[in-house]
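Please read them with the structure open.

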Amino acid sequence: MKETWISSLNSIPVGLYEKALSKNMSWKERLSLTGKLGFDFLELSIDDTDERIERLDWTKKEKQGLRNTVDQVGVKIQSLSLSTHRRYPLGSKSAEIRTKALDVFKKAIDLAVELGIRTILVGGADNYYEESDRVSQEWFLNNLGKGFEWASGSGVMLALENWDIQINTLSRVMEYVHYFNSPWFQTYTDLGNLIFAGVDVVSQLEEVKGHIAALHVKDTLPGQLRYVSPGEGKVPFVDAFEKLAEIGFQAPVVLELWTEDYPNAVELVTDAGKYIRAQMEEGWKRYYAKQKN
C-alpha cells in the first residue's frame, strides 16, 4: 500500500454558488445554466433574507418539484450554505433567538435530507452582530452540538466554515472538528476568508489535512471580503491548490460569487470559472512535477 492517498484532480467536481446567477430565474433555468457554464453542481443558499428563509417551509410538493427538476436537468444541488444564523445566532444571549436558530437548523437538515443534499455549511460565528464572549461561545457550542446530533443521525455532513469574524481561521475551526471527533463534522475551507483574516493560506491548509468536506474559492483583499474578481485579489490560488494536492485533498470545490444582481453575471461567472480551473490545473501540475523528481 502507498503511504498516503494521491489526489486526483480529474475526479474533483467544481460547483457554483447559487448567488452567482440571477435570482429571477426559475430552478430549471438556473440548473440548466449551471451545467451549460461547465459546473458540476449548484450550492443552495439559505441566508438571512426572508425570501430564502421561507424555503425552509417549502411544502412536500414544492420539494418534490425541485427534485424532479434536478432529475430532469441532470445537475445536482449537492450542498447547502446555511448563513441564516447571522440573523438568528446559535450563541445569542436571547433564549427566543436561540430557539429560532435551532428551528432553522433542524429545518435546514430536514430540507437537505429531502432534496438529497449531502453537506451543510455552518457559519463560523457564535453571535455575528453582537459581542462574542464566553457565554455566547458556550451557547454556540451547545446548540451546534444539537445540530450535529440531528445531522449525523440523518447522514448529513456539517462543515464549519472559517468566517470573516470570530472563528475566522482554520486553526479555530479545527478546535470544533476535534471536539466533535466525527466523520460527520468537518471543515468547509474558504480560501478568500483566510486572506481577509490576515493569515497564511498555505500553512493554514496543512492544519486541515484530511478534514476538508468542501472548499469555497473566491478572491479577496485585506479589508474587502466580496466583489473581488478572481485574479484581482490576494489569494495565492496556485500555491493553495498545490498544497491541497500535496495533502491529498479530494472533495467538492464551489466557486463563490455574489453576482446575482449583475446584468453581465453569465460573463463574469464564465470568466471566473475558467480562471479557477486553470489555477487548479497549474497547482496540481506543480505537485505532480515534484513527485516525479
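1. Basis. This is a predicted model, in which local features need pLDDT of at least 70, side-chain atom pairs count only at pLDDT 80 or more, and totals for chains, interfaces and linings use all residues. Residues are numbered from 1 along each chain as its sequence is written, and side-chain values use heavy atoms, with hydrogens and water left out.

2. Strand β1. Helices (H or I, at least four residues) and strands (E, at least two) are DSSP runs, numbered from the N terminus. Strands pair if DSSP finds at least two bridges between them. β1 covers residues 14-17 and runs parallel to β10, residues 253-255, with three bridges between them. Within that pairing, G15 has V254 as its bridge partner. β1 also runs parallel to β2 (residues 41-46), again through three bridges. Here L16 faces L42 of β2. From β1 the chain passes through helix α1 (residues 27-36) to β2, in a right-handed β-α-β crossover. Right-handed means that, with the strands pointing away from the viewer, the path from the first strand over the helix to the second runs clockwise.

3. T34. This residue belongs to helix α1. Is T34 buried or exposed? T34 counts as buried, because its relative accessibility is 0%. The cut-offs are under 20% relative accessible area for buried, over 50% for exposed, and partly exposed in between (1.4 Å probe, protein chains only). Residues up to four places away in sequence aside, T34 touches L16, L21, F39, F41, L42 and V75. Contact means heavy atoms within 4.5 Å.

4. Strand β6. Six of the six residues in β6 (residues 185-190) are buried. Four bridges tie β6 to β5 (residues 157-161), and the two run parallel. L160 pairs with T187 of β6 in this set. β6 also runs parallel to β7 (residues 212-217), with four bridges. T187 has I212 as its bridge partner in β7. β5, helix α6 (residues 170-180) and β6 form a right-handed β-α-β unit.

5. Most residues other than glycine have a negative phi, and most peptide bonds are trans. N181 sits in the loop between α6 and β6. N181 is exposed, because its relative accessible area is 66%. Y227 has a phi near 65 degrees, also positive and also not glycine. Y227 is in strand β9. With a relative accessible area of 52%, Y227 is exposed.

6. F237. Helix α9 (residues 237-246) contains F237. F237 counts as buried because its relative accessibility is 2%. Neighbours within four places in sequence aside, F237 is in contact with L191, V217, K218, D219, G231, Y275, I276 and Q279. The C-alpha atoms of F237 and G192 are 9.5 Å apart, and the two residues are 45 residues apart along the chain.

7. G283. Helix α10 holds G283. At 0% relative accessibility, G283 is counted as buried. Leaving aside neighbours within four places in sequence, its contacts are V238, F241 and E242. A separation of 7.3 Å lies between the C-alpha atoms of G283 and A240, 43 residues apart along the chain.

8. Largest pocket. How much space lies in the largest pocket? The volume is about 230 Å³. Of the 16 lining residues, the closest to the centre are V228, S229, P230, L257 and T259. β9 (224-228) and α10 (265-292) are the elements that give two or more residues to the lining. α10 gives the most, with four residues. By class, the lining has nine nonpolar, two polar and five charged residues.

9. Pocket terms. On a 1 Å grid over the protein atoms alone, a pocket is an open set of points where a 1.4 Å probe fits, with protein on both sides within 12 Å along at least five of seven lines; lining residues have an atom within 4 Å of a point. Grid points are joined across faces, edges and corners, and a volume is the space filled by probe spheres set on the points. Nonpolar covers Ala, Val, Leu, Ile, Met, Phe, Trp, Tyr, Cys and Pro; charged covers Asp, Glu, Lys and Arg; the others, Gly among them, are polar.
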